[in-house]
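Please look over the structure below before reading on. The notes are meant for someone who has not seen it before.

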Amino acid sequence: MLQGWGCAITSCEISPALDVVGLGTTDGRVILHNLRFDQSITTFKHAAGTSITAISFRRDQQEPTVVAADATGVISVWDLEHQKLKSVIKDAHDGSVTTLHFFPGEPVLLSVGRDNCVKVCFSRHQVGLRTNSSLDVIS
């Protein structure tokens with residue numbers, strides 16, 4: 001049986017690392033947790049501090065990255081190697097983000113929101129989602 005975190009889990013995503021999942025919580029945390037050993041590896045706090053609605057891991061073997069989104073349309077991007085926030089995409093959607101997905105082998109992130117928009121973000125530099133200035137968003 002897994003340990004508790006004091007609030008509800010609202011999203012779950014399998015990471016590229018064996019036995020590790022990303023868990024989103026109602027208090028805005030993203031917890032990377034090893035299921036085999038029932039041990040949390042690290043915890044990130046989402047920028048807006050609201051319930052996490054979607055999580056995705058970059059899987060192209062370039063920069064270990066996790067992204068999380070919330071019900072207000074904010075997407076946070078973390079560098080897993082250095083365990084720090086890389087960027088925040090404010091108003092990525094008008095309302096809740098329902099889906100985040102990195103394309104396999106590419107630094108391309110797809111997001112879907114309750115605003116009935118599908119958006120694609122990518123890095124011109126092929127190194128990750130760093131800042132709003134290095135992102136192109138296609139609605």
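The numbered points below go from the whole chain to single residues.

1. **Basis.** This is a predicted model: local features need pLDDT of at least 70, side-chain atom pairs count only at pLDDT 80 or more, and totals for chains, interfaces and linings use all residues. Residues are numbered from 1 along each chain as its sequence is written, and side-chain values use heavy atoms, with hydrogens and water left out.

2. **Overall make-up.** The protein has twelve strands and zero helices. Both are DSSP runs, numbered from the N terminus: helices are H or I with at least four residues, strands are E with at least two. Along the sequence the pattern reads β-β-β-β-β-β-β-β-β-β-β-β.

3. **Burial and surface.** The protein has 139 residues, and 45% of them count as buried. Buried means under 20% relative accessible area, exposed means over 50%, and partly exposed lies in between (1.4 Å probe, protein chains only). The accessible surface is about 7100 Å². Carbon and sulfur atoms hold 53% of that surface. These areas come from the Shrake-Rupley method with a 1.4 Å probe; for residues, only the protein chains shown count as cover.

4. **Contacts along the chain.** Take the contacts between residues at least 6 apart in sequence: 34% of these join residues at least 24 apart. Contact here means heavy atoms within 4.5 Å.

5. **Sheet S1 to S4.** Four strands form an open sheet, ordered S1-S2-S3-S4, with antiparallel pairing. Two strands pair if DSSP finds at least two bridges between them. Strand S1 (9-14) and strand S4 (39-45) are the edges, and each pairs on one side only. From one strand to the next, the twist averages 20°. Angles run from 0 to 180 degrees between N-to-C directions, and the axes are lines fitted to C-alpha atoms. S1 and strand S2 (residues 20-25) run antiparallel and are joined by five bridges. Glu13 stands opposite Gly22 in S2.

6. **Sheet S5 to S8.** Another open sheet has four strands in the order S5-S6-S7-S8, again with antiparallel pairing. Its edge strands are S5 (52-57) and S8 (84-89), each pairing on one side only. Neighbouring strands are turned by 20° against each other on average, direction ignored. Strand S6 (residues 65-70) runs antiparallel to strand S7 (residues 75-79), and five bridges join them. Thr65 stands opposite Asp79 in S7.

7. **Ala68.** This residue sits in strand S6. Ala68 counts as buried because its relative accessibility is 0%. Beyond its neighbours within four places in sequence, Ala68 is in contact with residues including Val30, His46, Ile52, Trp78 and Leu100. Arg29 is 39 residues from Ala68 in sequence, and the C-alpha to C-alpha distance is 9.2 Å.

8. **Ser76.** Ser76 lies in strand S7. Is Ser76 buried or exposed? Ser76 is buried, because its relative accessibility is 0%.

9. **Cysteines.** A search of the whole structure finds zero disulfides. A disulfide is a pair of cysteine sulfur atoms within 2.5 Å. Cys12 is exposed, at 53% relative accessibility, whereas Cys121 is buried at 4%.
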